[in-house]
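Please have the sequence and the model open as you read.

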Amino acid sequence: MTYLLALDQGTSSSRSIVFDAEGRIVAVAQRELTQIYPRPGWVEHDPMEIWNGQLATVREVLDKAGLQPADIHAVGITNQRETTLLWDRKTGQPVHHAIVWQDRRAEPLCAQLRADGKAETIREKTGLVIDAYFSGTKLRWLLDNVPGARAAAGRGELAFGTVDSWLMWQLTGGKVHVTDVSNASRTMLFDVHANQWDAELLKALDIPASLMPEVKPSSAHFADIDAALLGCGLPIGGVAGDQQSALFGQACFEAGMAKNTYGTGCFMLMHTGGAFQPSHNGLLVTSAAQTSATPQFAMEGSVFVGGAVVQWLRDGLKAIQGSAQVQALAESVPDAGGVMMVPAFTGLGAPYWDADARGTITGLTRGTTVAHIARAALESIAYQSAALLQAMSRDAVAAGGMPVAELRVDGGACVNDLLMQFQADLLGIPVVRPEVTETTALGAAYLAGLSTGVYADVGQLSKLWRVERRFMPTLSRAKAEEAMGRWELAVRRATLV
Ligand code: G3P
């Protein structure tokens with residue numbers, strides 16, 4: 001038997017999953033990660049907790065699978081993206097907590113970049129909009145605010161990395177300082193056309209090039225794990241940011257293929273092949289996971305509040321006791337009874353981009369019950385995702401391609417059949433749930449399997465992707481369009497709040 005081990009270091013937890021070569025899950029281990037909120041709008045993680053927690057899950061998953069480290073053929077790493085770390089090359093000690101992707105502290109630096117007229121250059125080179133979400137301005141903040149950091153960086157003593165780089169540094173006892181193209185593309189410092197750090201952007205942000213890791217394709221030999229850690233030196237053969245890894249694990253390898261991950265937020269990515277396809281609808285261009293030096297791209301849009309709306313029903317509204325109850329409550333009424341919820345708790349992302357929008361519930365009558373509100377909350381996840389997919393399809397058609405033909409789904413909330421059916425109804429295309437919905441980890445395992453000869457090519461991986469359930473649209477297009485029209489009206493109200 002051939003086994004692949006995926007390390008999936010996410011925002012809320014560190015996980016390790018062992019897969020067999022057919023892509024089936026053998027065992028899973030998970031550790032929660034402490035969220036640190038030093039000030040409003042700031043979010044941090046303890047880098048040593050990330051590392052120690054991740055290593056603990058590796059040991060635990062091998063134990064659960066009844067395997068020895070030497071039974072593992074290769075290791076893949078996938079990670080929360082954009083989260084920014086800076087550490088001392090000699091001691092391996094972080095100079096500060098990791099600044100998490102959700103952290104907004106670098107917004108003033110972004111405003112300065114916008115005022116300096118950098119938006120177009122950054123969009124052309126990196127595919128991104130200027131935003132505090134990405135690593136570049138977070139790194140600049142660390143250099144400006146951690147005492148002694150800039151001087152130490154000037155002496156070449158420090159290393160920057162996203163979580164993948166940090167884990168590989170630790171896994172190799174500091175032997176490698178490396179990342180992959182998909183993680184690099186989220187820094188706002190990386191030229192996605194040339195697949196290299198961009199000297200002009202580094203200069204604009206006053207970041208010394210000596211801080212930056214080497215960049216490799218996502219499927220490559222990154223390093224061997226230090227034999228002292230596990231008892232043998234396993235090869236790390238694949239690395240990708242979690243959303244690009246999920247796109248890979250969903251076997252979306254060709255232009256026009258799209259996936260949506262229903263987590264706390266929703267991340268939708270559509271592969272655009274070798275084409276850097278700028279969006280006219282507020283979406284980002286990002287590097288897809290790459291198996292060679294040839295650039296591959298995806299369009300990306302995110303919904304800030306996806307599954308989090310169910311948490312709000314539970315913790316804020318106290319309408320349910322556990323998240324699993326939401327489907328039954330929503331199904332206790334035939335529809336939302338005209339209620340529309342726009343969960344713009346933290347503004348609205350693509351395609352609306354309105355940071356000032358706030359949540360609304362409209363259409364209330366004397367007959368409205370908490371069940372209608374629960375149903376409207378669930379439906380809001382599908383409405384927001386539908387608006388994203390429609391924007392992607394418009395971009396694809398404008399670029400001479402075809403609209404998206406089916407949506408592959410994964411993430412925690414994709415187990416909700418009511419939500420998936422409503423998603424298909426709104427979109428008018430099949431919504432397809434695979435047998436293995438741990439596609440983020442699976443993508444990393446596949447990338448590692450490809451570079452180490454377990455798989456010959458991506459064609460073989462496409463054959464391993466198996467459908468668990470296909471949700472076919474049942475609503476007429478006229479009714480779906482009417483529903484989307486009501487949603488857009490509700491969004492307009494939310495943006496006026
Ligand atoms: O861009 C942020 C994303 O990579 C975080 O994903 O699943 O860790 O919340 P997740």
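A salt bridge here is a side-chain nitrogen of Lys or Arg within 4 Å of a carboxyl oxygen of Asp or Glu. With that in hand, we can turn to the structure, which is a predicted model. By this criterion it holds 30 salt bridges.

Which residues does Arg-81 join in the network of salt bridges? Arg-81, Glu-82, Arg-186, Asp-242 and Glu-300 are linked in that network. Let's look at two of its contacts in turn.

One is with Glu-82: the side chains of Arg-81 and Glu-82 meet in a salt bridge, with 3.7 Å from N to O. Are these two residues buried or exposed? Arg-81 has a relative accessible area of 2% and Glu-82 has 1%; because buried means under 20%, Arg-81 is buried, and Glu-82 is buried as well.

The other contact is with Glu-300, where the closest N and O atoms are 2.8 Å apart. Glu-300 sits in strand β18, residues 297-303, while Arg-81 belongs to the loop between β5 (72-79) and β6 (85-88), so this pair ties together parts that are 219 residues apart in sequence. Glu-300 is buried too, at a relative accessible area of 2%.

Conventions. Residues are numbered from 1 along each chain as its sequence is written. This is a predicted model: local features need pLDDT of at least 70, side-chain atom pairs count only at pLDDT 80 or more; totals for chains, interfaces and linings use all residues. Side-chain values use heavy atoms; hydrogens and water are left out. Buried means under 20% relative accessible area, exposed over 50%, partly exposed in between (1.4 Å probe, protein chains only). Helices (H or I, at least four residues) and strands (E, at least two) are DSSP runs, numbered from the N terminus.
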